[in-house]
Amino acid sequence: MNEFVQEIQARFEVLWSNPQRPDLMQIGVRQVNALPLLTWLKSNTGYFILNHFSAVDWIEDGEFQLTYLLTDYAARRSLMVCVRIDRAAPTAESVHHLWPEAVTYEQEMFEMFGISFPGSPRQGVDLLLEGWEDIPPMRRDFDTAAFAEEAFGFRPGRTHTNPRDRVAIAFGQKGFLHDH
Amino acid sequence: MSLKNALAPFGIWARALARPYTIPVEDIMRAPADRYRGWHTNDAEACIGCGSCSDICQNAAIDMVVNRDATKGDTGLRPMVDYGRCCWCALCVDVCPSGSLGLSSEYTWVDKDPEVFRYVPGVDKKPWDDDTKGWHGGEWDLINHDRVPMSMLPGETRGQTWAEVVLGYSEEEAQREAARCLECGICTAACPAHMHIPEYIGAIRDGNYEQAVNLIYETNPMPEMCGKVCTRRCEDVCAHAKQGEPVAIRWLKRFATERFDDLREVIKADVAPIGVGKRVAVIGGGPSGITVAYYLAIRGFEVNLYEALPTLGGATFFGIPKYRFPMPSLEKQVDMLRGAGVKLHVNSPVDAALFEELRSTHDAVFIGAGLMRGKAMRVEGEDAPGVVNALTFLLEHHLRNNTDSDKVSKEPVVLPGMKVAVVGGGNTAIDAARVSLRLGASEVVISYRRRKEDMPADWEEIEDAEHENIQIDVQAIPLRIEQTPDGRLDLIWGPAEMVADKPGARPKPVLVEGVENHLVVDRIIGAIGQGPNLRWLSPEAQGTIADKWGWIKVNEDGMTGMPGVFAGGDLVNETADAISAIADGLRVVQGIPRWLGLQ
Ligand SMILES: Cc1cc2nc3c(=O)[nH]c(=O)nc-3n(C[C@H](O)[C@H](O)[C@H](O)COP(=O)(O)OP(=O)(O)OC[C@H]3O[C@@H](n4cnc5c(N)ncnc54)[C@H](O)[C@@H]3O)c2cc1C
Ligand code: SF4
Ligand code: SF4
């Protein structure tokens with residue numbers, strides 16, 4: 001696998017690589033190199049299947065990571081191409097012309113992360129979130145618990161007893177340094 | 001109504017005899033994958049009601065509901081799942097410290113009543129309760145079962161020094177260990193003083209050590225002692241103990257108190273001065289007496305504490321050896337008493353006359369005189385020279401080494417090179433053995449009637465003794481002691497057979513007749529228990545407050561049969577450990593003001 005990384009390195013700058021498993025290599029590349037690299041991989045190597053395509057919110061770094069998982073089925077191994085993009089202006093080149101199935105992934109990332117892929121056919125068409133008005137829910141600054149609290153009520157009749165309180169009351173826990 | 005709708009009923013009837021569109025579920029039902037995550041199961045008897053499942057659930061799907069009484073080791077609550085919110089992630093299963101919670105592989109259940117989809121697994125019986133398929137955890141867990149190991153002096157060499165054996169956690173280690181706490185509070189039930197354990201552990205985890213020691217002082221005026229030698233019943237019931245190692249509660253308390261060289265500036269009491277103008281006499285400076293004195297003094301009482309020995313601490317001073325609980329740790333806690341304004345009268349044994357005087361000059365008297373009489377072994381030859389009682393042995397050793405008392409001989413009973421036998425299996429036996437070793441004994445043997453697992457001593461103490469090469473002979477019943485012609489002692493013992501006793505009781509050792517073994521040694525130390533000694537009181541007073549063996553009975557306020565006279569500690573409770581003595585003291589801290597009508 002490392003030889004393969006060197007082969008890539010000869011053509012495109014590889015920022016880092018991590019052999020996560022014998023059959024899975026991760027590499028990081030700059031956004032400018034992403035489309036040329038993916039095009040090269042598809043046409044010239046065994047990695048011509050886009051197995052998965054998703055994003056990670058690195059909110060602390062002010063970046064999103066696009067993760068393309070390409071698989072070489074003949075050799076039974078995969079390559080994960082990681083590309084960091086600016087979180088403040090999250091736009092990336094579409095790969096739907098290379099892999100038609102990317103349309104759905106790109107539609108989903110638009111909806112869930114607010115990342116846009118100009119030219120991709122179904123950008124902005126609702127996938128799961130009909131009538132969604134909040135910030136995209138897979139962004140880490142989206143408060144899931146608060147949303148659930150607001151959107152979904154509790155069934156009437158639910159009561160919860162805190163275990164600590166139950167023990168304290170049952171066994172008469174007291175404090176003697178303060179008047180309670 | 002549209003025409004289409006109006007005609008619909010006819011359309012339905014038209015198909016009345018045709019094959020149905022729907023397919024019976026049985027025809028297409030397939031067995032789920034082995035690890036399919038379906039409805040919950042819970043072994044309600046193994047569940048301890050810790051609520052970790054409820055805490056971790058990201059969907060707030062679990063409520064803890066009352067199912068049974070709270071006991072030591074079980075909050076009596078059980079998780080109730082609301083399937084309107086559950087997403088079957090199984091985080092609850094992977095965090096469950098008892099391993100009781102699981103997800104069955106069953107996932108179909110149809111009902112018109114939405115309320116049925118909220119139930120208490122394992123309590124509300126379901127057909128899938130015994131399903132072994134599904135997800136029952138165990139392959140990985142979200143909790144860390146292993147405690148942060150404690151550094152200790154190496155066993156081979158520490159027998160030659162009095163240095164403290166346990167070295168204590170570093171800050172990083174303490175915070176890492178504190179972070180294991182699940183905060184369920186089950187431990188607080190088992191602690192006799194019901195200390196605020198999860199709260200102070202949380203404060204340690206967050207680095208708030210002042211807050212931690214203040215929380216500790218809410219119920220314990222000798223925390224550095226407890227942090228080093230407590231019997232730690234809390235750890236026995238820690239949720240982690242079900243499948244792993246309990247949180248090191250004792251070591252964390254030790255860590256928190258050891259952060260401060262002087263606690264007087266750190267501990268901030270805020271209590272009403274209800275006792276101003278009232279006087280209380282405390283007899284005995286052990287943990288129970290210290291507790292009563294400290295908490296009453298900060299409430300404005302004038303407290304006079306009388307201790308027969310030159311130093312406070314009671315059995316934690318004269319019994320517990322310094323390599324477990326060093327003098328500076330004790331002095332730090334005595335300083336707190338001074339800081340609270342307690343008047344300390346050391347070298348002041350109370351006798352019958354002084355007792356009467358204290359009763360007439362004080363509003364209440366507390367007796368925390370401990371168990372000062374070592375029990376005899378009751379074997380022939382016990383009075384031979386060289387046979388000593390462990391309590392006397394330890395008391396004299398500590399007076400000789402740690403005070404300027406002139407009441408003890410300069411020469412210890414155990415001298416370098418001697419071989420020593422200790423008879424007994426409790427903490428006192430272990431302490432006597434390890435002190436003998438440190439006095440230079442060449443060989444030390446503990447001889448105990450039952451099996452090792454029956455020894456009342458702390459298992460860690462037993463291990464520590466073994467690491468120091470102390471030999472433990474078990475199932476050995478002492479028969480008699482003879483003096484050998486060369487002036488040594490022959491401990492003659494017979495082997496014991498363990499015979500089942502009443503259900504729930506430990507098996508009984510029964511002597512195998514006709515076999516005699518010999519253990520020839522230079523000293524024999526009897527450590528088979530302690531009893532009360534109230535002979536310093538008048539016979540009338542003894543008769544009023546104690547039974548014929550000297551055990552004192554008290555009411556729920558800790559008051560004896562003599563009005564205004566309270567008691568606590570080893571003389572009163574059956575557990576005879578320091579934290580139970582402290583708990584008794586706390587009861588009296590409430591009892592005395594109540595008796596005096598101050599609250
Ligand atoms: C060797 C040994 C090891 C132990 N190890 C542990 C351990 O590891 N962990 C643990 O939790 N517990 C341990 N214990 C038990 C623990 O020390 C006791 O349970 C606890 O100290 C009892 O406290 P107390 O207040 O009842 O009285 P004590 O601590 O027994 O104190 C009683 C005090 O009263 C004084 N006194 C008695 N009569 C009079 C009088 N007439 N006038 C004035 N003063 C008087 C005595 O001198 C003594 O100082 C050990 C005990 C012994 C003996
Ligand atoms: S985590 Fe396990 S032991 Fe704790 S309450 Fe839930 S089911 Fe019971
Ligand atoms: S399976 Fe997940 S969502 Fe369901 S109760 Fe357990 S933790 Fe909550």
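## Pocket, ligand shell and cysteines

Fourteen residues, 14 in number, line the second largest pocket, and A:Thr144, A:Phe147, A:Ala148, A:Phe152 and B:Asn59 lie nearest its centre. The model is predicted. The space in this second largest pocket comes to about 290 Å³. Its lining holds nine nonpolar, four polar and one charged residues.

Ligand 2 has 15 residues around it. Nearest come B:Cys47, B:Cys50, B:Cys53, B:Cys96 and B:Ser98. The shell around ligand 2 has nine nonpolar and six polar residues, and no charged ones.

The table sets out the two surroundings by class.

| Site | Nonpolar | Polar | Charged |
|---|---|---|---|
| Lining of the second largest pocket | nine residues | four residues | one residue |

How many disulfides does a search of the whole structure find? B:Cys238 is in no disulfide. Its nearest cysteine sulfur belongs to B:Cys184, 6.7 Å away, whereas a disulfide needs the sulfur atoms within 2.5 Å.

Is B:Cys238 buried or exposed? B:Cys238 has a relative accessible area of 11%, so it counts as buried, the limit being under 20%. B:Cys50, one of the residues nearest ligand 2, is also buried, at 9%.

Finally, the layout of chain B. Domain 1 covers 29–143 and domain 2 covers 155–265. Domain 3 is made of 279–371 + 533–595, and domain 4 of 374–406 + 413–530. Taken over C-alpha atoms, the centres of domain 1 and domain 3 of chain B are 50 Å apart.

Methods: Residues are numbered from 1 along each chain as its sequence is written. Chains are lettered from A and ligands numbered from 1 in the order in which they are written. This is a predicted model: local features need pLDDT of at least 70, side-chain atom pairs count only at pLDDT 80 or more; totals for chains, interfaces and linings use all residues. Side-chain values use heavy atoms; hydrogens and water are left out. On a 1 Å grid over the protein atoms alone, a cavity is a set of points where a 1.4 Å probe fits but cannot get out, and a pocket is an open set with protein on both sides within 12 Å along at least five of seven lines; lining residues have an atom within 4 Å of a point. Grid points are joined across faces, edges and corners, and a volume is the space filled by probe spheres set on the points. Ala, Val, Leu, Ile, Met, Phe, Trp, Tyr, Cys and Pro count as nonpolar, Asp, Glu, Lys and Arg as charged, and the others, Gly among them, as polar. A residue is near a molecule or strand if one of its heavy atoms lies within 4 Å of it. Buried means under 20% relative accessible area, exposed over 50%, partly exposed in between (1.4 Å probe, protein chains only). Domain bounds come from an automatic or database domain assignment.
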